[in-house]
Amino acid sequence: MTQKKISAYAIPGLKNRYQYLTGEEFVKLLKLVAERYGIDYDDILEYNRVAPLPYIRMLMIHYIRRNYSMTTVVNLGKMMNGRDHTTIIHATQQLQNKLDTDEPINKKLKSEYATVREDYLHTSKYLNSCL
């Protein structure tokens, strides 16, 4: 993947894309994504394949893998309710294949990532101002 493609999905407020995802950041991101899609954040972590939950999990995994590259697939699997590392790899590959072959999905995903990015940055600024 080229640097230009990677930066399209990166969070601009992060100093460095090469960092670990902390548990606190994971929970904040999980709640933001759940709020965005109008579901309970516990539903994202459950072993449930009712639409749109698998797609939302795929988005979240892909987003984390692109923005927190120092977080290993094993650790990300543990954060996603003990999923196996191969599940994390498969989810990333599935979504990346869709992005590479389907331009409308690519545009939609960039739009969704932009919304999560804005919410994430807004929440971070708010939390930092409270400290």
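1. Y113 lies in helix 7, helices being DSSP runs of H or I with at least four residues, strands runs of E with at least two, each numbered from the N terminus. The model is predicted, so local features need pLDDT of at least 70 and side-chain atom pairs count only at pLDDT 80 or more, whereas totals for chains, interfaces and linings use all residues. Residues are numbered from 1 along each chain as its sequence is written, and side-chain values use heavy atoms, with hydrogens and water left out.

2. Y113 has a relative accessible area of 3% and is therefore buried (under 20% relative accessible area; exposed is over 50%, and partly exposed lies in between, with a 1.4 Å probe and protein chains only). Between the C-alpha atoms of Y113 and Y63 the separation is 7.6 Å, although the two residues are 50 apart along the chain.

3. As for the overall fold, the protein chain contains seven helices and zero strands. Its pattern along the sequence reads α-α-α-α-α-α-α. Of the 131 residues in the protein chain, 38% are buried.

4. Helix 4 (53-67) has 15 residues and spans 21 Å from its first C-alpha to its last, close to the expected 21 Å at 1.5 Å a residue; the expected span is 1.5 Å times one less than the number of residues. Helix 4 is largely enclosed by the rest of the structure, because 12 of its 15 residues are buried. The buried residues of helix 4 include L59, M60 and Y63, and also R57, H62, R66 and N67.

5. Helix 2 (23-37) likewise has 15 residues and reaches 21 Å, close to the 21 Å expected. Its buried residues are E25, F26, K28, L29, L30, L32, V33 and A34. After helix 2 comes G38, whose phi is positive, near 70°.

6. The count of cavities of 30 Å³ or more comes to one. On a 1 Å grid over the protein atoms alone, a cavity is a set of points where a 1.4 Å probe fits but cannot get out; a pocket is an open set with protein on both sides within 12 Å along at least five of seven lines; lining residues have an atom within 4 Å of a point. Grid points are joined across faces, edges and corners, and a volume is the space filled by probe spheres set on the points.

7. The largest cavity holds about 80 Å³ of space. Its lining consists of V33, R36, Y37, L59, M60, Y63, E112, Y113 and V116. Helix 2, helix 4 and helix 7 (103-130) each supply at least two of the lining residues. By class, seven are nonpolar, none polar and two charged (Ala, Val, Leu, Ile, Met, Phe, Trp, Tyr, Cys and Pro count as nonpolar, Asp, Glu, Lys and Arg as charged, and the others, Gly among them, as polar).

8. The largest pocket has a volume of about 300 Å³. Among its lining residues are Y47, R57, M58, I61, R83 and H90. Helix 4 and helix 6 (85-101) each contribute at least two residues to this lining, which has five nonpolar, four polar and three charged residues.

9. Two arginines have their charged ends over tyrosine rings: R36 over Y37, 5.7 Å from the ring centre, and R83 over Y47, 4.4 Å from the ring centre. The rule requires NZ of Lys or CZ of Arg within 6 Å of the ring centre and within 35 degrees of the ring normal.
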